[in-house]
Amino acid sequence: MTADLEEKTNRYGELLAEALEAASVAPPAGTPMERAAEECYEMASSYLEDGRHFREEDDLVNALASFSYGHAWLDAGARVGLFDVPTDGHLFTV
């Protein structure tokens with residue numbers, strides 16, 4: 001079971017890092033929606049950093065949770081139009 005958790009944690013961490021690279025802020029500069037997009041992106045990025053910290057501490061459960069929450073911020077933002085994201089592939093559910 002530990003091997004499965006480790007594999008899944010690593011996979012989700014890589015997925016979040018890749019998704020952060022692929023997402024870009026969609027709303028026009030200076031608008032409230034741009035600020036909302038930046039805040040969602042910052043949350044996702046912070047969860048990536050938290051997950052990496054937990055993984056270094058061998059806390060795989062909290063690492064996986066952090067990576068999952070981070071990706072949820074990006075995915076939700078993409079769904080409501082805060083981010084331009086690829087529509088094909090495995091990174092987003094749009």
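Good morning. Please bear in mind that the model is predicted.

The buried residues of helix 2 are Glu34, Ala37, Cys40, Ala44, Leu48 and Gly51.

As to its dimensions, helix 2 comprises 25 residues, numbered 32-56. From first C-alpha to last, helix 2 reaches 36 Å, close to the 36 Å expected at 1.5 Å a residue. After helix 2 comes Asp58, which has a positive phi, near 60°.

I turn now to the aromatic residues. The structure contains two aromatic pairs. In one of them, Tyr47 and Tyr69 have ring centres 5.7 Å apart and ring planes at 35°; the pair is therefore tilted, since that angle lies between the limits of 30 and 60 degrees. This pair links distant parts of the chain, with Tyr47 in helix 2 and Tyr69 in helix 3, 22 residues apart.

How exposed are the two partners, Tyr47 and Tyr69? Tyr47 has 23% relative accessibility and so counts as partly exposed. Tyr69 is exposed, because its relative accessible area is 52% and the threshold is over 50%.

Finally, the annotation. An unreviewed UniProt entry places the feature "domain: DUF357" at residues 11-83. Over that range, the chain is 78% helix and 4% strand, and the C-alpha atoms at the ends lie 22 Å apart.

Thank you.

Methods: Residues are numbered from 1 along each chain as its sequence is written. This is a predicted model: local features need pLDDT of at least 70, side-chain atom pairs count only at pLDDT 80 or more; totals for chains, interfaces and linings use all residues. Side-chain values use heavy atoms; hydrogens and water are left out. Helices (H or I, at least four residues) and strands (E, at least two) are DSSP runs, numbered from the N terminus. The expected span of a helix is 1.5 Å times one less than its number of residues. Buried means under 20% relative accessible area, exposed over 50%, partly exposed in between (1.4 Å probe, protein chains only). UniProt positions are given in the numbering used here, feature names are shortened, and annotations may be inferred rather than shown by experiment. Rings of Phe, Tyr and Trp (its six-membered ring) pair if their centres lie within 6.5 Å; planes under 30 degrees apart count as stacked, over 60 as edge-to-face and the rest as tilted.
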